[in-house]
Amino acid sequence: MKIVVCVKQVPDTAGGVKFNPDGTLDRGAMLTIMNPDDKAGLEAALRLKDQHGAEVTVVTMGLPKAEEVLREAMAMGADKGVLVTDRVLGGADTWATSTTLAGAIRNLEYDLIITGRQAIDGDTAQVGPQISEHLDIPVISYAQDIKIEGDSVVVERQYEDRYHVVKAKMPCLITALSELNEPRYMTPGGIFDAYKKEITVWGRADLKDVDDANLGLKGSPTKIAKASDKVRKGAGEKVALDPDESVSYIVDKLKVKHVI
């Protein structure tokens, strides 16, 4: 079995975020981490590797420094890393990003593609399903459990207060929740081996079946009207009530908002 995992290097929001004049994130100026949902997807792939002997290839798109998350993934147990980087790909929205990643994945053999549900720097949950559309393969989103049965994948798909059990023949794409598992730590030996391995680096010329009109900032239909690193919150409503009245007041507010 061959598994491709898409991961993203995202800003470590604890260290603050910075923006370029055009409203896009200044990724080169921020501390970064592997996106949590993607890390859970990677762990799921590594567990399938442990169970079935799969080969795991990790793909990321970003600046040259995004090589760091590929090294981390290989230190955890991934076999190969592919970095897609090119100036013409910068500033991509979800459409341009998914187009780029699909163009890279067309160079690879795969039975299963795993992405995170969404990235913490965008929260759109669009890139994974869009990749599946570009590649014309089934997608199962919001996975909270993954099993392999023959040539099919069986997924528990989270759905509000329950889950659906969905089965699809491979090749298939799955988007993983961060709650899917507890990712393993890198090992000292894994770190040493990861830095001995070569990272494959692809640019625009290596992408298959993509149009320049769908790449980078110019190929992104999403336009940012305004960007800010801090969201100001209102003062809220202040009331002075005795304890019994306070309880009734809070319960009424929760009912109005359909929380209870």
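Analyst: Asn214 counts as partly exposed, at 26% relative accessibility. Buried means under 20% relative accessible area, exposed over 50%, and partly exposed in between, with a 1.4 Å probe and protein chains only. The model is predicted, so local features need pLDDT of at least 70, side-chain atom pairs count only at pLDDT 80 or more, and totals for chains, interfaces and linings use all residues. Residues are numbered from 1 along each chain as its sequence is written, and side-chain values use heavy atoms, with hydrogens and water left out.

User: Where is the place of Asn214?

Analyst: Asn214 is in the loop between E11 and helix H6 (243–256). Helices (H or I, at least four residues) and strands (E, at least two) are DSSP runs, numbered from the N terminus.

User: And what does Asn214 touch?

Analyst: Leaving out residues up to four places away in sequence, Asn214 touches Trp95, Ala96, Thr99 and Gly219. Contact means heavy atoms within 4.5 Å. The side chains of Asn214 and Trp95 are also joined by a polar contact of 3.3 Å. A polar contact is a pair of N or O atoms within 3.5 Å; within protein, one must be able to donate a hydrogen and the other to accept it, and residues adjacent in sequence count only if both atoms are side-chain atoms.

User: Trp95 comes up there. What caps the N-terminal end of H3?

Analyst: Asp93 does, with a side-chain oxygen 3.1 Å from the backbone nitrogen of Trp95.

User: How many residues of H3 are buried?

Analyst: Eleven of its twelve residues are buried, so H3 is mostly covered. Among them are Ala96, Thr99 and Thr100. The cover includes strand E1 (2–6), E4, E5, strand E6 (112–116), helix H4 (127–135) and E11.

User: Is Thr100 buried or exposed?

Analyst: Thr100 is buried, with a relative accessible area of 0%. Thr100 is found in helix H3 (residues 94–105), and its contacts are Met61, Val84, Leu89, Leu207 and Leu215, not counting residues up to four places away in sequence.

User: What should the twelve residues of H3 span?

Analyst: At 1.5 Å a residue they should span 16 Å, and the end C-alpha atoms of H3 are 16 Å apart, which agrees. The expected span is 1.5 Å times one less than the number of residues.

User: New topic, the sheet. What is the strand order?

Analyst: The order is E9-E8-E7-E10-E6-E1-E4-E5-E11, an open sheet of nine strands with mixed pairing. The edge strands are E9 (162–169) and E11 (200–202), each pairing on one side only. Two strands pair if DSSP finds at least two bridges between them.

User: How do E5 and E11 run?

Analyst: Strand E5 (residues 80–84) and E11 run parallel, joined by three bridges. Val82 stands opposite Thr200 in E11. Helix H2 (residues 67–76) packs on the sheet, touching strand E4 (55–61) and E5, and its direction makes about 170° with that of E5. Axes are lines fitted to C-alpha atoms, for helices over the stretch in contact, and angles run from 0 to 180 degrees between N-to-C directions.

User: What about E7 and E8, parallel or antiparallel?

Analyst: Antiparallel, with six bridges joining E7 to strand E8 (residues 152–159). The two strands form a hairpin with two residues between them, and Gly150 in the turn has a positive phi of about 60°. Glu149 stands opposite Ser152 in E8. Strand E7 (residues 139–149) also runs parallel to strand E10 (residues 172–176), with three bridges.

User: How far apart in space are Asn214 and Gly150?

Analyst: They are 37 Å apart, C-alpha to C-alpha, and 64 residues apart in sequence.

User: Last topic. How many residues has the largest nonpolar core?

Analyst: That core has 38 residues, and those with the most contacts inside it are Val5, Leu42, Val58, Ile146 and Val153. A nonpolar core is a set of buried Ala, Val, Leu, Ile, Met, Phe, Trp, Tyr and Cys residues joined through side-chain atoms within 4.5 Å. A second, separate core of 20 residues includes Val59, Val84, Trp202 and Leu207.

User: And the protein as a whole?

Analyst: The protein has six helices and eleven strands. Buried residues make up 39% of its 260 residues.
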